[in-house]
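Take a look at the chain below. We will start with its charged pairs and then walk through its sheet.

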Amino acid sequence: MVRLSSSVFLFAALWCSASPSHAGPTLHCEMTYAGATQTLHVTPVDDPYPVPSVDVGGRFRFKAVMVGRGAQPDYIKTYAYLETRTQPVLVQQASYYPPFTPSPKGQRLTGKQFVYAGPVERELQYECVLHGVKQ
């Protein structure tokens with residue numbers, strides 16, 4: 001009897017973790033610099049400050065944070081930085097607040113962004129799509 005209960009519990013736990021209906025929101029950002037594209041996957045956090053930025057081609061840094069643990073994040077922020085000799089310099093910051101729209105293909109949150117910075121106007125392109133939100 002105990003063995004059956006453990007099996008049922010294990011099956012329920014596996015089903016719940018694999019089911020998309022129990023998945024939380026995720027943000028997928030594609031960043032392109034100098035013809036190279038990389039993808040950043042962001043999950044919700046309680047504290048945005050420890051979230052690191054990522055290097056984009058050695059010229060830019062990009063950071064996206066999604067704060068909140070519910071089906072609708074409390075807010076989402078994106079940051080684009082230009083790498084300089086001394087430190088990264090913020091060149092764009094954007095904030096997004098709910099309600100976020102559920103969509104089977106995800107909500108195109110940022111649209112295609114073009115960020116220019118530096119003495120020769122280096123170009124960073126990025127776009128973020130939000131998946132898994134619920135009303």
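A salt bridge here is a side-chain nitrogen of Lys or Arg within 4 Å of a carboxyl oxygen of Asp or Glu. The model is predicted: local features need pLDDT of at least 70, side-chain atom pairs count only at pLDDT 80 or more, and totals for chains, interfaces and linings use all residues. Residues are numbered from 1 along each chain as its sequence is written, and side-chain values use heavy atoms, with hydrogens and water left out.

How many salt bridges does the structure hold? There are three. Asp46 pairs with Arg69, their closest N and O atoms 3.1 Å apart. Asp46 sits in the loop between β2 (36-42) and β3, and Arg69 in the loop between β4 and β5, so this contact ties together parts that are 23 residues apart in sequence. Strands, like helices, are DSSP runs numbered from the N terminus (E, at least two residues, for strands; H or I, at least four, for helices). Asp46 is exposed at 56%. Arg69 is exposed too, at 57%.

Next comes Arg61 with Glu83, where the closest N and O atoms are 3.3 Å apart. Arg61 belongs to strand β4 and Glu83 to the loop between β5 and β6, 22 residues apart. Glu83 is partly exposed, at 26%.

Glu127 and Arg108 also meet in a salt bridge, at 2.3 Å from N to O. Glu127 is in β9 (residues 122-131) and Arg108 in β7 (residues 107-108), 19 residues apart. Glu127 is buried at 17%, whereas Arg108 is exposed at 56%.

Now turn to the sheet. Two strands pair if DSSP finds at least two bridges between them. Four strands form an open, antiparallel sheet in the order β3-β4-β5-β6. β3 (54-56) and β6 (89-96) are the edges; each has a single partner strand, so one side of each lacks a neighbour in the sheet.

β3 and β4 are antiparallel, with three bridges. Val56 has Phe60 in β4 as its bridge partner. The two strands make a hairpin with three residues between them, and Gly57 in the turn has a positive phi of about 65 degrees.

On to β4 (residues 60-67) and β5 (residues 75-82): eight bridges join them. Ala64 stands opposite Thr78, and Met66 opposite Ile76. Is β4 buried or exposed? Eight of its eight residues are buried. Phe60, Phe62, Ala64 and Met66 cover one side; Arg61, Lys63, Val65 and Val67 are buried on the other.

Key
Buried < 20%, exposed > 50% of the residue type's maximum accessible area, 1.4 Å probe, protein only.
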